[in-house]
Amino acid sequence: QRQPSATDAEVPSEPRKLGVTTLVIHNIPRAVSFRDLELHLDECGLSGQVDFVHLPMSSNRSANCGFCILNFHCVEAANDAIAFYAGYRFPKGRRSCRATAAKVQGREANEAYFRAAR
């Protein structure tokens, strides 16, 4: 039986009430590197709002897994990102992105989660 991952939760209908700050951004082109993602966040004006970025890579490290986890400083910034990524398509991307709430919420909790997963 598959164990739940940090990406299994869906965005609640009213994330502001639940304090969602950590999002999973789905449908990132697999060729996007961590550096590309950093540049994207900067170009979109989101980099100053993010305090945790995780871009899982394939086992041979040749491509990402198609999603990233971002933690935002506040609920409002996360809500802005949900709106931004709704329908956003990366250059050369074939699919539109979507944002969902991560199962693990908060920078410290995500750092601990991924540190333990190593």
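What volume does the largest pocket have? I get about 250 Å³ for the largest pocket. For my own record, a pocket is an open set of points on a 1 Å grid over the protein atoms alone, where a 1.4 Å probe fits, with protein on both sides within 12 Å along at least five of seven lines; lining residues have an atom within 4 Å of a point. The volume is the space filled by probe spheres set on the points, which are joined across faces, edges and corners.

Ground rules: this is a predicted model, where local features need pLDDT of at least 70, side-chain atom pairs count only at pLDDT 80 or more, and totals for chains, interfaces and linings use all residues. Residues are numbered from 1 along each chain as its sequence is written, and side-chain values use heavy atoms, with hydrogens and water left out.

**Pockets**

I listed the lining of the largest pocket: P29, A31, V32, D36, L39, H40, E43, C44, Y88, F90, P91 and K92. By class I have eight nonpolar, one polar and three charged residues there. (Nonpolar is Ala, Val, Leu, Ile, Met, Phe, Trp, Tyr, Cys and Pro; charged is Asp, Glu, Lys and Arg; the others, Gly among them, are polar.)

Next I looked up the second largest pocket, at about 210 Å³. Its lining includes P29 and K92, along with R30, R94 and R95. That lining splits into three nonpolar, three polar and four charged residues.

**Rings**

I found six aromatic pairs in the structure. (Phe, Tyr and Trp rings, the last by its six-membered ring, pair if their centres lie within 6.5 Å; planes under 30 degrees apart are stacked, over 60 edge-to-face, the rest tilted.) Y85 and Y88 sit edge-to-face, 5.9 Å centre to centre with 90° between the planes. Both are buried, meaning under 20% relative accessible area, with exposed over 50% and partly exposed in between (1.4 Å probe, protein chains only). Ring pairs also tie F84, Y85, Y88 and F90 into a cluster.

**Helix α3**

I checked α3, residues 75-85, for buried positions and noted V75, A77, A78, N79, A81, I82 and Y85. (Helices are DSSP runs of H or I, at least four residues; strands are E, at least two; both are numbered from the N terminus.) Just after α3, G87 has a positive phi of about 85°.

**T21**

Where is T21? I place T21 in the loop between α1 (15-18) and β1 (22-26). T21 counts as buried because its relative accessible area is 13%. Its side chain makes a polar contact with the N71 side chain at 3.0 Å. (That is a pair of N or O atoms within 3.5 Å; within protein, one must be able to donate a hydrogen and the other to accept it, and residues adjacent in sequence count only if both atoms are side-chain atoms.)
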